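Here is a briefing on a ligand site. Start with the residues around the ligand, then turn to the pocket.

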Amino acid sequence: MKEEFIHRFVPGHSNRTLILLHGTGGTETDLLGLGRALDPDAALLSPRGKVLENGMPRFFRRLAEGVFDEEDLIQRTHELADFISAAAERYRFKQTEAIAVGYSNGANIAASLLLLRPGTFFGAALWRAMVPLVPDKLPELKRAPVLLLAGDHDPIITPDNVRRLSVLLEQAGADVTLIFERAGHGLTEATIEGTRRWLGNLESPRTTA
Ligand code: MLT
């Protein structure tokens, strides 16, 4: 497959596919259980980030915590977008019915995909995301649903940074829901429950006017 990533694909029983993007140090198996808990019927596609930081997989290089290597980020974003398109053909799922679910570094590359390669998926649930980059030209996100679940005392991401991401995505036309949880950088039950509810309320793109 073009732009191969180590990955897992678990077939589902509905048209929806969740694209699961792990955090720093995660692997392709990390989020499979959560993905299944979020939507028992969805197919699951879970790639492993190709960059290693002290042996820990990530989706792109960083220069320091929260300081990204933008050139690498841009290249890796396109590489991941190409992989997802190739996976959609191989496993026969529709990208217009796919939802990215990303945590931390995985949420950041999902945000970058929204900004640089709109159309890679229909919408995204981003857990503990920050502004990955500001594109020269904003994409047309055509009311793509985006859920931002942030921690109100996240030691890595300031509330201001998440708000800037929210504004950027809204300016690009996304339908953004931003929620601050009483949490740090780690996931909580509220994160999972909030995402499950948000997914349950999403209209399929085919039924959207
Ligand atoms: C990142 O590098 O994407 C963020 O700092 C989050 C992290 O992976 O810790």
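The model is predicted, with local features needing pLDDT of at least 70, side-chain atom pairs pLDDT 80 or more, and totals for chains, interfaces and linings using all residues. Numbering runs from 1 along each chain as its sequence is written, and side-chain values use heavy atoms, without hydrogens and water.

**Ligand contacts**
- Polar contacts are pairs of N or O atoms within 3.5 Å.
- Asn 105 places a side-chain N or O atom 2.9 Å from a ligand oxygen.
- For Arg 62, the side-chain N or O atom is 3.2 Å from a ligand oxygen.
- Ser 104 has a polar side-chain atom 3.5 Å from a ligand oxygen.

**Shell make-up**

**Pocket**
- The ligand sits in the second largest pocket (more than half of its atoms within 2 Å of the grid points).
- A pocket is an open set of points on a 1 Å grid where a 1.4 Å probe fits, with protein on both sides within 12 Å along at least five of seven lines; lining residues have an atom within 4 Å of a point.
- This pocket holds about 160 Å³ of space.
- Its lining has 16 residues, and Thr 24, Arg 62, Ser 104, Asn 105 and His 185 are the closest to its centre.

Note on methods
Polar contact = N/O pair within 3.5 Å; in protein donor to acceptor, adjacent residues only side chain to side chain. Points joined across faces, edges and corners; volume = space filled by probe spheres on them.
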